[in-house]
Each structure stands twice: as C-alpha cells, then as structure tokens.
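This briefing goes with the sequence and structure shown below.

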Amino acid sequence: MKENKRQLQKNTTRKKIIESAVKQFAINGLTTTRTSDVAGEAGVSHGTIFAHFHTQEELLTAVIEDVGERINTRLHEVAGGQKGFNLALKAHIEVLTEFEPFYTRLVIENRLLPKEARDTFLMLQSTVSFHLSQAIQKEVEAGSMKKLPEDMVFNGWIGLVHYYIANSDLFAPESSVLKTCGEKMIHFYLNMVNYNK
Amino acid sequence: MKKCIACGMPMQEVSDYASGDESKDYCKFCARPDGTMQSYEEKLDSLTNFIIKTQGLDKKAAGSAAEAMMKKLPAWKNM
C-alpha cells in the first residue's frame, strides 16, 4: 500500500514535470529551455527533475512522446473510422491547434534535435500519415480524388501546414495561425487533389 | 481502450483487432492472414515499407525510423 502511494506520487510528479516542460519548451524553445526553468514552472526542486529524467535530452524525448501520444489518440478519436479525406484534414488541423505553441517549436527546431527526439517526431508523423492514407485510399477508390503518389499527397499537405506554422509570425502575428489560415489551407489543398465536381 | 502492442494503434472498434477478436493484444495490421502476430522481422519490413510509401523517406532512413519506433512498443521492447 505504502509502495503504491509512493508510485502514485511519483507518477503525479512526472506528469507535472511533463506538463510544465510542454509550456516552457513552447515559450523558450526545445533546445534552449533550462531544466531549472521547468523545475520552477512545476514547483519542484531542480534535483527532482533529474530523479525522473537523467538528462535534458531524456526529458525532451519524453515530452515529445507524451504530446505525440495525445495527438495520436485525439486524431484517432476525431478522424478514425469511415470518414472522408476532408474530415481527416480538418481533424489534423483541429488537433494540432490544441498543441500549437509546442508543435510550432517542434517544426522550427526539428533538425537541431537529438536523433531520439527526431525519431519520436517522425513516429508522430507516421500516425498522421496512417490516418490520412486510409482516407486517401477510400477517396481514390470512390473516384473523388486523383490517383497521386501517396507520399507526395502527404508531404504536400505537411509541407503546406508546416510552412504556415514555421512562419506564423508573418501570417498571424497576433493569434493562432492554424485558426486563422487552417480553413484556407484545407480548401486550397482539396481543390488540388480532388477532381472538380 | 487497448493499444496494439506491436504498432501502438489505439483499438476502438472490434474490427480493429486481429481477426476481430477483442481478447487479442494486437491489431489487424499486425496480424498474419492466419490471425497470428507478425514476427519482429515481418513488422520491421512492413513498417519500413509503409513509411517509404506514405512519407517518401530514403530506404535506410525509413528502416532506422521504423526500428526506433518499434523499440518503444511493448511487443518489441526487449529485442
């Protein structure tokens, strides 16, 4: 019983650290945030961070993994099942909007991240590509979408979304770029890949 | 909700499970035609090809990414 309580406490602290790191990483950057700032945000001692994550890199990977997991679960809830490609794109934008400040940092700093963190980001993109590819297949079979190379359909979409995110200061300096430009991106992209009705 | 131990996909519907059997811990994409779970090599191969097909990565980069992804999953943690 005592052990359980301790484990529970440990898990709660771990969650608190991850939540605080998501916030701090979004504000100060993935590669430049200091673990002491994460500790400050979480209200724990600096040493506590290292009791849970041995290095800054380990913390970063755990945070990307955690956010990736939540995006994956949400995407599955919103876009899972027999839904169309347009709904899958909408769901993607909607879910990314929920994590936009952190995700923006991921997009901007991706190439600077350690391999494990990059692999974790790629894992997240693979779950997105899985959802989109299922929707694409159905649309192509139904004759509503052009038969294009699947990787280019995915990269075309991601390229568009990431370009707007990476330059959010130019497209929507005062607000969420996904909220401001999301609809426009979806509309344009569907016109490109769908047959004209 | 259970997650597939071999690829991590959340299994919401009965049809997501291998052979539509909810007592299984792996999904329909990780099952062989006879319903048994794919081996490590089979899964690594199919995941690598999936990444190439849907994201267009270089073969070696895709293989390395697939390996890293599988390392995180309960079925392959100790491989």
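The points below are grouped by topic. The model is predicted, and the predictor gives the complex an ipTM of 0.84 and a pTM of 0.89.

**Confidence in chain B**
- The mean pLDDT of chain B is 92, and 100% of its residues score at least 70.
- Among the elements of chain B, H1(B) has the highest mean pLDDT (95), while strand E2 (residues 10-11) has the lowest (84).

**Helix H8 of chain A**
- H8(A) runs over residues 150-166 and spans 24 Å from first to last C-alpha, close to the 24 Å expected for its 17 residues.
- Its buried residues include Phe154(A), Trp157(A), Leu160(A), Val161(A) and Ile165(A), as well as the charged residues Glu150(A) and Asp151(A).
- The buried residues pack against H5, H6, H7, H9 and H10 of chain A, and also against H1 (40-55) of chain B.

**Helix H1 of chain B**
- H1(B) has 16 residues and reaches 22 Å between its end C-alphas, close to the 22 Å expected.
- Among its buried residues are Tyr40(B), Leu44(B), Leu47(B), Ile51(B) and Gln55(B).

**A buried threonine in chain A**
- Thr104(A) belongs to helix H6 of chain A.
- Thr104(A) counts as buried because its relative accessible area is 14%, under the 20% cut-off.
- Leaving out residues up to four places away in sequence, Thr104(A) touches Ile165(A) and Ser168(A).

**Salt bridges**
- Over all chains, the structure holds 15 salt bridges.
- One of them joins the side chains of Lys23(A) and Glu41(A), at 3.6 Å from N to O.
- This pair links helix H1 (residues 2-28) with helix H2 (residues 35-42) of chain A, 18 residues apart; Glu41(A) is partly exposed at 34%.
- Arg70(A) and Asp66(A) pair at 2.7 Å, and both lie in helix H4 of chain A, four residues apart.
- Arg70(A) is partly exposed at 28% relative accessibility, as is Asp66(A) at 27%.
- Glu19(A) joins Asp66(A) and Arg70(A) in a network of salt bridges.
- Arg74(A) and Glu77(A) form a salt bridge at 3.2 Å; they are three residues apart in H4 of chain A, so about one helical turn separates them.
- Arg74(A) is partly exposed at 24%, and Glu77(A) is partly exposed at 42%.

Terms used:
Residues numbered from 1 in each chain as written. Chains lettered and ligands numbered in written order. Predicted model: local features only at pLDDT ≥ 70, side-chain atom pairs only at ≥ 80, totals over all residues. Heavy atoms only, no water. Helix = DSSP H or I, 4+ residues; strand = E, 2+ residues; numbered from the N terminus. Expected span 1.5 Å × (residues − 1). Buried < 20%, exposed > 50% of the residue type's maximum accessible area, 1.4 Å probe, protein only. Contact = heavy atoms within 4.5 Å. pLDDT = per-residue confidence, 0-100. Salt bridge = Lys/Arg side-chain N within 4 Å of Asp/Glu carboxyl O.
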